[in-house]
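Subject: Structure for you to look at

Hello,

Here is the structure I promised to hand over. Please open it first, then read my notes below.

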Amino acid sequence: MSVVTPMKYDEALARFEPVLGLETHIELGTASKMFCGCATGFGAEPNTQVCPVCLGLPGSLPVANRAAIEGIIKIGLALNCEIVEWCRFARKNYFYPDMPKDYQISQYDEPICVDGYLDVEVEGETYRIEIERVHMEEDTGKSLHVGGATGRIQGADHSLVDYNRAGIPLVEIVTKPIEGTGAKAPLVARAYATELRELVRALGVSDVRMEQGSMRCDVNVSLMPKGAAEWGTRTETKNVNSLRSVERAVRSEIERQAAVLDGGGSIRQETRHFHEDTGTTTSGRSKEEAQDYRYFPEPDLVPMAPSRAWVAELRASLPELPAARRARVQGEWGLSDLELRDVVNAGALDLIEDTIGAGADAGAARKWWMNELSRRATEKGVELAELPIEPAQVARVQEMVAAGELNDKLARQVFEGVLAGEGAPDEVVAARGLKVVSDDGALVAIIDQVIADNAAVADKVRGGKVAAAGALVGAVMKASRGQADAGRARELILERLGVS
Ligand SMILES: [Zn+2]
């Protein structure tokens, strides 16, 4: 295998036009598998969630899972697809040890959802990604290669196989070729995967956790010389399992293919593996053609013919979808496009909305999550949602701020305490003694001391330089360890100095 030095990205884009295609597999979160009653929970002991049907034992017969078909119809509707009136399952024949029947039940030329689209936004520009099909199939088991350095089959001593995943309902979403994205191709691919994940999560039909494999992207990339009429040969980078990797896989394939084409070589139609550590892909097997799978209609299952009434019922049951939700929230919270994007990118939309639901106003809820709590999440290297604090607790802190019991500085100390596991906000306030001192008696004693210690400044204020009072307020705040009510302290200072 020859190793090519990738072409610089900008040069590659100056000479070639990329065409993308994305195939995304999503495991549905149904309680049972696609064609049998086995449980589907992630992380169970190997081969404990299996039965004759999903092990492909002779004489067993599959029965389709209604909840899974509901799930795929919802996905199809949310992707603006047509839901066909009649379609069939198909047998896709291939042999891998993780496929116990030696075939996968899938769909071939009769998918259940066709001709949809998903709009995605990249740097303020909207791209319409056309969806060719959404079809229903079953997942395979998982092979584990033992004894090698990389976990891959090369160099392994032996392999183990776990069939718990075999037969879990799997939805495959296939885009039409995506043209005209130019240098933004990697960003468009990532934006599509991100939006699709949000959409499916909003539908509640899958947990879409890429790190656990319940959402996996296959990324097709080809290049054609600028101005050419015909597409180049594509490669398919399999099972890319993070959003960032989707972007990197596209970029690295563009750079690699450009170098191959530039050197007079040709691109082989093949599957490729993406390597997280280097951000590059390496060659896998040569890509099968449809005829290699010897598809034929699955004889053990009846056709699917979702009634129009059922489809209408499912359409009516769809929740608010992410794009509509973002538009609503932007209006309600009064955000600019950029502010909205920041909130979305920070993963703060749900958190802020829940904090508002618990009683905080929009401005304060956004301020705490986007500033103080985002800063702490970054410090700890975790996602915002992983911080050990609940939206209701943030709302409670804000309630105390609004009531004048805490100022912002004290509120930050309360957050610090909650995140350190010291308990709920009220417990932290009590344990740390964090209350704004607005009781005049206690404040006046501090103020008189501060005036005595800062006689020169006090004289300036008496002489009419009211702005100088700021220094005295600062000294009062310091003497009270941040617990004084600054507004009240200022009023009292001016009163004591006879200038109010
Ligand atoms: Zn089973």
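Which residue takes a positive phi in the hairpin of E12 and E13? Look at Gly279, with a phi near 75 degrees. Four residues lie between the two strands of that hairpin. One caution before you go further: this is a predicted model.

Strands E11, E12 and E13

E12 covers residues 270-275, and E13 covers residues 280-286. They run antiparallel, joined by five bridges. Find Phe274 and look across to E13: its bridge partner there is Thr281.

E12 also pairs with E11, residues 235-240. Here the strands run parallel, and three bridges join them. Thr237 has Arg272 in E12 as its bridge partner. How does the chain get from E11 to E12? It goes through helix H4, residues 243-262. This β-α-β crossover is left-handed.

An open sheet

Next, find the open sheet of three strands, in the order E4-E3-E14. Its pairing is antiparallel. The edge strands are E4 (103-106) and E14 (296-297), and each of them pairs on one side only. Strand E3, residues 90-93, is joined to E14 by two bridges. Ala90 stands opposite Pro297 in E14.

Two helix pairs

Now the helices. H2 spans residues 66-78 and H5 spans residues 308-316. Their axes come within 10 Å and cross at roughly 65 degrees. That makes H2 roughly perpendicular to H5. The crossing is right-handed. On the H2 side, the contact uses Glu70, Ile73, Lys74 and Leu77. On the H5 side, the partners are Val311, Leu314 and Arg315. By class, this contact has four nonpolar, no polar and three charged residues.

The other pair is H15 (residues 469-479) with H16 (residues 486-496). What is the angle at which their axes cross? It is roughly 125 degrees, and the axes come within 9 Å. The two helices are therefore oblique to each other. H15 passes H16 in a right-handed crossing. H15 brings Ala469, Leu472, Val473, Val476 and Met477 to the contact. H16 brings Ala486, Ala489, Arg490, Ile493 and Leu494. By class, that contact has nine nonpolar, no polar and one charged residues.

Best wishes

Technical notes. Residues are numbered from 1 along each chain as its sequence is written. This is a predicted model: local features need pLDDT of at least 70, side-chain atom pairs count only at pLDDT 80 or more; totals for chains, interfaces and linings use all residues. Axes are lines fitted to C-alpha atoms, for helices over the stretch in contact, and angles run from 0 to 180 degrees between N-to-C directions. Angles under 35 degrees count as roughly parallel, over 145 as roughly antiparallel, 65 to 115 as roughly perpendicular and the rest as oblique. A crossing is left-handed if the near helix is turned anticlockwise from the far one by less than a right angle, and right-handed if clockwise. Two residues are in contact if their C-beta atoms, placed from the backbone, lie within 7 Å. Ala, Val, Leu, Ile, Met, Phe, Trp, Tyr, Cys and Pro count as nonpolar, Asp, Glu, Lys and Arg as charged, and the others, Gly among them, as polar. Two strands pair if DSSP finds at least two bridges between them. A crossover is right-handed if, with the strands pointing away from the viewer, the path from the first strand over the helix to the second runs clockwise.
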